[in-house]
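Hi,

Here is the structure I promised to pass on.

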Amino acid sequence: MPDVTTEASHPLYSPLPVELSERPPAELPPAPVLRFAPERLRNGIAAGAGAVALLWGVQARPSARLDAFFATGAHLTGLLAGYGVLVLLLLMARVPAVEHGVGADRLARWHALGGRYVLGLIGAHALLALCGYAVHTRTDLVTATGDLLAYGAIAAATAGTGLFVAVGVTSARAVRRRVRHETWRAVHLGALLAAALGFVHQLAGPDLAGGLLTRWLWSMAHGTVAVLLVWYRLVVPVRAALRHDLRVAEVRDEGPGVVSVLVRGRGVAHLRAEPGQFFRWRFLRRGLWATALPFSLSAPVRDDTLRITVKALGDHTRRIRRLRPGTRVLAAGPFGAFTAHLRTRRKVLLLAGGVGITPLRALFETLPGAPGDVTLLYRASDETGLVLRAELETIARERQAALHFLLGPSDGAFDPLAPRALRHLVPDLATHDVYLCGPPAMSRAATASLLRAGVPASRIHSEDFDHA
């Protein structure tokens with residue numbers, strides 16, 4: 001039996017060795033051919049920004065006049081803002097090589113951070129352009145604003161700016177919690193219109209209007225990103241839906257408020273889904289069809305069947321337990337870099353919290369390794385919070401893998417994720433790769449403990465989830 005540790009039973013942990021028969025883990029599907037490493041993508045983005053700055057520098061005309069100074073600054077910030085918008089759209093285009101190499105969580109964080117920079121650049125561009133025009137025409141800022149809005153390209157840019165501000169406001173954490181997902185998504189779709197309006201404005205600006213080659217390159221960059229967005233966010237999911245004909249095969253109770261959904265189709269292996277990855281699921285029934293929900297696979301793909309395990313955390317997830325067999329499913333993906341390719345060491349620790357066990361359960365079964373190479377620690381407040389427990393125990397027996405359930409309230413006197421406790425369970429912890437998935441607060445605390453326990457940050461592979 002696996003070790004079950006609670007605060008009441010803790011003598012600084014007494015993990016029981018698991019002496020079980022060996023069976024080779026399930027074979028992994030072929031990995032995608034191309035993955036963009038995070039460093040490669042980050043360097044590429046930086047190089048693009050440098051090229052934009054060089055374009056500005058080549059065309060800049062030094063002048064001691066105040067209006068020229070404002071105008072030159074407006075040109076630079078405007079070009080960088082336009083480039084930044086393209087980068088933001090590219091990060092969310094769901095290009096497989098980018099998603100599989102960088103990871104959806106990291107892309108989302110980069111997107112959020114980049115959005116703040118872009119809004120700052122747009123604001124700086126507008127203010128510098130307005131000041132430059134006011135100085136040039138010797139008018140006040142209010143009169144200058146009215147005069148500028150009379151130009152069609154500037155009016156378009158102003159409308160686009162308003163849309164970008166709306167996206168930024170609804171993305172703020174305090175606002176996001178109070179806004180329905182459908183509303184948030186609709187506002188974000190407005191960013192596409194904002195980008196188009198900004199492009200119209202840029203073509204009329206002095207940095208692009210005067211050079212045929214520059215206009216062509218700028219137009220090609222926008223056209224390329226537009227094609228990637230349409231292809232990977234629209235064409236590919238629709239084509240996959242027609243090809244695989246995915247439908248709900250079974251909805252199975254796994255515990256209080258937790259169900260597994262089995263989805264079956266044709267040629268599902270061609271999706272090349274790896275353990276640890278997720279899909280964005282759209283169930284075509286009332287109350288669910290309008291929202292694509294991100295859920296990780298909770299088991300390897302077998303017999304043309306995909307499985308997800310869902311805990312009722314919000315309106316949409318509560319409706320999933322009422323799905324009926326035969327319901328059509330649109331699944332976009334697979335996405336995410338939380339897979340075996342991150343592994344750099346022979347020994348691996350899987351650290352899960354709550355329903356974050358779902359991608360780790362698939363990895364627990366499939367990660368290659370000899371007996372003792374793979375350890376799973378599962379944190380929950382009590383035994384009712386352990387999802388897929390019987391399956392985990394079976395995998396541990398068959399693989400001779402270590403499995404420990406860490407039970408106890410999060411605000412208890414003893415912290416089972418403290419560095420000393422982790423090192424007691426996994427004495428050679430610093431030599432492991434660590435895969436971590438759980439609620440954000442648990443993930444942050446676990447990451448801090450792992451770092452203090454000697455695990456390098458480069459070997460802590462984490463995935464946050466928010467499936468409500």
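Let me start at the surface: leucine 213 counts as exposed, because its relative accessibility is 59% and the cut-off for exposed is over 50%. Before I go on, please keep in mind that this is a predicted model. Leucine 213 sits in helix α10, which covers residues 212–244. Together with Trp216, Leu217 and Met220, Leu213 makes a nonpolar surface patch of about 450 Å².

Now the chain as a whole. The protein chain has 468 residues, and 44% of them count as buried. You will find 15 helices and 12 strands in it. The chain exposes about 22,600 Å², with carbon and sulfur atoms supplying 62% of that area. If you take the contacts with a separation of 6 or more, 74% of them are between residues 24 or more positions apart.

Two residues on the inside

Phenylalanine 405 has 0% relative accessibility, so it counts as buried. In sequence, phenylalanine 405 and tyrosine 378 are 27 residues apart, yet their C-alpha atoms are 4.9 Å apart in space.

Glycine 82 is another one to click on. You can find glycine 82 in helix α2, residues 66–91, and with a relative accessibility of 3% it counts as buried. What does glycine 82 touch, if you leave out residues up to four places away in sequence? The answer is Gln202 and Trp218. Glycine 82 is also 30 residues from valine 52 in sequence, with 9.7 Å between the two C-alpha atoms.

A pair of helices

Next, turn the model to see helix α4 (residues 104–137) and helix α5 (residues 141–149). Their axes are 9 Å apart, and the two helices pack at an angle of about 105°. Angles of 65 to 115 degrees count as roughly perpendicular, so that is the label for α4 and α5. On the α4 side, the contact is made by Leu130, Cys131, Tyr133 and Ala134. On the α5 side, Leu141, Ala144, Thr145, Asp147 and Leu148 take part.

Salt bridges

I got a count of 12 salt bridges. Here are some to look up:

- Arginine 361 and glutamate 391 meet through their side chains, at 2.7 Å from N to O. This pair links distant parts of the chain, with arginine 361 in helix α12 (residues 357–366) and glutamate 391 in helix α13 (residues 389–399), 30 residues apart.
- Arginine 389 forms a salt bridge with glutamate 383, and their closest N and O atoms are 3.0 Å apart. Glutamate 383 counts as partly exposed, at 48% relative accessibility.
- Arginine 247 and aspartate 245 also meet in a salt bridge, with 3.3 Å from N to O. Arginine 247 is partly exposed, and its relative accessible area is 32%.

Is arginine 361 buried or exposed? Its relative accessibility is 6%, so arginine 361 counts as buried. Arg361 and Glu391 also belong to a network of salt bridges, in which they are linked with Arg302, Arg307 and Glu365.

That's what I have for now.

Cheers

Definitions and conventions:
Residues numbered from 1 in each chain as written. Predicted model: local features only at pLDDT ≥ 70, side-chain atom pairs only at ≥ 80, totals over all residues. Heavy atoms only, no water. Patch = residues over 30% accessible without salt bridge, like charges linked within 9 Å, V, L, I, M, F, W, Y side chains within 5 Å. Areas by Shrake-Rupley, 256 points an atom, 1.4 Å probe, with all protein chains shown as cover. Salt bridge = Lys/Arg side-chain N within 4 Å of Asp/Glu carboxyl O. Helix = DSSP H or I, 4+ residues; strand = E, 2+ residues; numbered from the N terminus. Buried < 20%, exposed > 50% of the residue type's maximum accessible area, 1.4 Å probe, protein only. Contact = heavy atoms within 4.5 Å. Axes fitted to C-alpha atoms, helices over the stretch in contact; angles between N-to-C directions. Parallel < 35°, antiparallel > 145°, perpendicular 65-115°, else oblique.
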